[in-house]
Amino acid sequence: MKHIFKRELAAFLAAAAVFGGILAGATHYLTPQQHDYGSVWGMYEQEQTDSIDVLFFGSSVTYCDVVPAVYWENSGLTAFVQAGPEQPLPLTLDYLKESLRTQSPKAVFVECTGIAFHKYMGFTKTNIGQMPWGINRLHATFFNAEPEVRKGLLFPLYFYHDRWTTLKSEDVQPYTEDMLAGYTFLSGGTDKGPDDCETVDIAPEDWARNMDALEDIYALCRRNNIQLVLYRAPTKRLHDADWDRLTAQFDGRDGVSTLNCSGYTAQIAADPENDFYDSLHYNCVGAEKFSAFLADWTKNNLSISPDEPQDTVLWTARLQHFRDLTANPPQENTNA
């Protein structure tokens, strides 16, 4: 009887392993790949371990405005944008923790428009669903995701079980290195600049929750000897008084700098009416100027230097790729 039980248990475990493998494979191939507009975890994982000097976090005003290749050209520092659409700061903390599993950056830039975001902003499925499986994804799922989407984040086939009928060959290709290093290319634009952006009021509960996350981000950076830069993108989305209140809490602390890019619009983009994609985001021309500005600011304000040796072939190719896109923009990223 005991031998029969052992055989049945072994058969059950073998069947469970096969079934689990099938589910894991189906989940992998049916989950849509993410190549731009933030949350590009699949490509981030292709970066060589400990090869990134600077990480940028935030929302769309980060991944549409910061061009790591241009930043590298002007600073010599490698960089990657680890942002997500309308990402609240507690989720940015999860992103930072996960990012530090494979990289040891010297500096971290956090764009602080997220101080105004509510607990849930409607992009949780993208922000968390692309994260690698592990403790940080689980924490984000249980503590920073709407209850109604947790099932799909824990079991992605709940979201994507019917995608098999529309799969294309490119959907199942393995991820490769991101030639834009987390930046999302935008060209064209409108005549609306940063002064046309609607300023938002911040609810007290949102302020408290997001400031707590910033404190945790600061503590994590201090433990890892990372210089933290809290910056404000060159938009008017935040009230000046709210930015001043935020910086008052961090100014003067060791290992943290604050940077109000909203006060540098004339120096960053010589023609605000043509260098912006809309009132929130730069187009590729403005993003290039802004990234060069951030590089110069880094050289003048942070005591960090690039690691050697660098993969200069890769970064030169990334810079050329951005230049090629600027010269011949893809139609889908043009808003005439």
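1. In H5, the buried residues are Leu89, Pro90, Leu91, Thr92, Leu93, Asp94, Tyr95, Leu96, Glu98 and Ser99. "Buried" here means under 20% relative accessible area, "exposed" means over 50%, and "partly exposed" is in between, using a 1.4 Å probe and protein chains only. Helices (H or I, at least four residues) and strands (E, at least two) are DSSP runs, numbered from the N terminus. Helix H5 spans residues 89-99, and ten of its eleven residues are buried, so the helix is largely enclosed by the rest of the structure.

2. Before going on, a word on what you are looking at. This is a predicted model, in which local features need pLDDT of at least 70, side-chain atom pairs count only at pLDDT 80 or more, and totals for chains, interfaces and linings use all residues. Residues are numbered from 1 along each chain as its sequence is written, and side-chain values use heavy atoms, with hydrogens and water left out.

3. What do the buried residues of H5 pack against? Their partners are H2, strand E1 (54-57), strand E3 (107-111), helix H6 (124-129), helix H7 (135-143) and H10.

4. Now the whole chain. The protein chain has 15 helices and seven strands, and 50% of its 336 residues are buried. Take the contacts between residues at least 6 apart in sequence: 84% of them join residues at least 24 apart. The chain exposes about 15800 Å², and carbon and sulfur atoms supply 54% of that. Accessible areas come from the Shrake-Rupley method with a 1.4 Å probe; for residues, only the protein chains shown count as cover.

5. On to the nonpolar cores. A nonpolar core is a set of buried Ala, Val, Leu, Ile, Met, Phe, Trp, Tyr and Cys residues joined through side-chain atoms within 4.5 Å. The largest one has 47 residues, and those with the most contacts inside it are Val108, Val110, Ile115, Leu214, Leu228, Leu230 and Leu246. Helix H10 gives the most to this core, with eight residues. Another core, of 40 residues, lies apart from the largest one and has Phe109, Phe276, Cys284 and Leu294 among its members.

6. How many salt bridges does the structure hold? There are 13, where a salt bridge is a side-chain nitrogen of Lys or Arg within 4 Å of a carboxyl oxygen of Asp or Glu. One of them pairs Glu215 with Arg253, with the closest N and O atoms 2.8 Å apart. Glu215 sits in helix H10 and Arg253 in the loop between helix H11 (240-250) and strand E6 (256-260), so this pair ties together parts that are 38 residues apart in sequence. Glu215 is partly exposed at 22% relative accessible area, and Arg253 is partly exposed at 27%.

7. A second bridge joins the side chains of Arg323 and Glu288, at 2.7 Å from N to O. Arg323 belongs to helix H15 (residues 312-327) and Glu288 to helix H14 (residues 284-301), so the bridge ties together parts 35 residues apart in sequence. Arg323 has a relative accessible area of 28%, which makes it partly exposed, and Glu288 is partly exposed at 25%.

8. An α-helix has 3.6 residues a turn, so residues three or four places apart point the same way. Asp242 is buried at 12%, while Arg245 is partly exposed at 42%. Elsewhere, Asp53, Lys106 and Asp307 are linked in a network of salt bridges.

9. As for disulfides (pairs of cysteine sulfur atoms within 2.5 Å), a search of the whole structure finds zero. Among the cysteines, Cys221 is buried with 1% relative accessible area, and Cys284 is buried with 5%.

10. Ser39 has a positive phi, near 55°, in a residue other than glycine; its place is the loop between helix H1 (2-30) and helix H2 (41-44). Asn225, also not a glycine, has a positive phi of about 55° and lies in the loop between helix H10 (204-223) and strand E5 (227-232).

How values were computed: Contact = heavy atoms within 4.5 Å.
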